[in-house]
Amino acid sequence: MSRSILVIEDQEDNRRILRDLLTSHGYKIIEATDGLAGVESAGVHRPDLILMDIQLPGIDGYEATRRIKADPDLNNIPIIAVTSYALSGDDQKAFTAGCDDYVAKPFSPRKLLAKIEHYLAQRETGGNG
Ligand code: MN
């Protein structure tokens with residue numbers, strides 16, 4: 001069964017890049033275009049992993065991450081922040097908010113896929129479902 005990844009990203013171009021990359025590697029993707037919709041979608045779909053843009057309409061990616069990680073039913077879902085500002089401390093803010101990892105835009109597709117595979121493998125060996 002293919003694993004599902006929730007992509008929370010407001011820019012259509014970025015969503016298309018991620019959609020093409022992830023579906024071509026066999027992942028099922030779910031998309032949300034703002035922070036609140038992302039939190040709601042996480043609860044409805046229980047994805048295996050979340051890619052979280054930081055700059056989003058409404059609540060930002062930090063707040064969306066805090067809300068997801070505050071939910072005991074969802075807090076074991078790995079969240080990878082996708083940030084434009086890794087050099088200005090946004091990586092630390094992402095970790096503080098509860099993100100498990102981050103990649104800086106523009107990301108390397110190979111490195112992003114490696115991180116995704118890493119966290120999905122951890123879930124398989126460590127989880128009780
Ligand atoms: Mn954005």
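This report describes a predicted model, covering its metal site, strands, nonpolar cores and selected residues.

## Basis of the model

Local features require pLDDT of at least 70 and side-chain atom pairs count only at pLDDT 80 or more, whereas totals for chains, interfaces and linings use all residues. Residues are numbered from 1 along each chain as its sequence is written, and side-chain values use heavy atoms, with hydrogens and water left out.

## Manganese site

Asp10 (OD), Asp53 (OD) and Gln55 (O) are the protein donors of the manganese ion, at 2.0 to 2.2 Å from it. Donors are N, O and S atoms within 2.8 Å of the metal (3.2 Å for Na, K and Ca); water is not among the atoms, so sites may look incomplete. The spacing of the donor residues in sequence is D-x42-D-x1-Q.

Asp53 is buried, because its relative accessibility is 4%. Gln55, with a relative accessible area of 51%, is exposed.

## Strands β1 and β2

Helices (H or I, at least four residues) and strands (E, at least two) are DSSP runs, numbered from the N terminus. Strands β1 and β2 pair in the parallel sense over five bridges; pairing requires that DSSP find at least two bridges between two strands. Within this pairing, Ile8 stands opposite Ala32 in β2. Together with helix α1 (residues 12-24), β1 and β2 form a right-handed β-α-β unit. Right-handed here means that, with the strands pointing away from the viewer, the path from the first strand over the helix to the second runs clockwise.

Ser4 lies in strand β1 and is buried, because its relative accessibility is 9%. Contact means heavy atoms within 4.5 Å; not counting residues up to four places away in sequence, Ser4 touches Lys28, Ile30, Arg46, Pro47, Asp48 and Leu49.

Arg15 is located in helix α1 and counts as buried at 10% relative accessibility. Its side chain makes a polar contact with the side chain of Glu12 (2.7 Å). A polar contact is a pair of N or O atoms within 3.5 Å; within protein, one must be able to donate a hydrogen and the other to accept it, and residues adjacent in sequence count only if both atoms are side-chain atoms.

## Nonpolar cores

A nonpolar core is a set of buried Ala, Val, Leu, Ile, Met, Phe, Trp, Tyr and Cys residues joined through side-chain atoms within 4.5 Å. The largest such core has 21 residues, of which Leu6, Ile8, Ala42, Ile50, Met52, Ile68 and Ile79 touch the most other members. Elements giving two or more residues to this core include β1 (4-8), β2 (28-32), α2 (35-45) and β3 (49-53). Helix α3 provides the largest share, three residues. A second, separate core of 18 residues includes Ile5, Leu18, Val82 and Val103.

Arg46, in the loop between α2 and β3, has a positive phi of about 45° although it is not a glycine. At 46% relative accessibility, Arg46 is partly exposed. Lys105 and Pro106 are joined by a cis peptide bond, with omega about -5°. Pro106 belongs to the loop between β5 (101-104) and α5.

Lys115 lies in helix α5 (residues 109-126) and is partly exposed, at 26% relative accessibility. Not counting residues up to four places away in sequence, Lys115 touches Ile80, Asp101, Tyr102 and Val103.

How values were computed: Buried means under 20% relative accessible area, exposed over 50%, partly exposed in between (1.4 Å probe, protein chains only).
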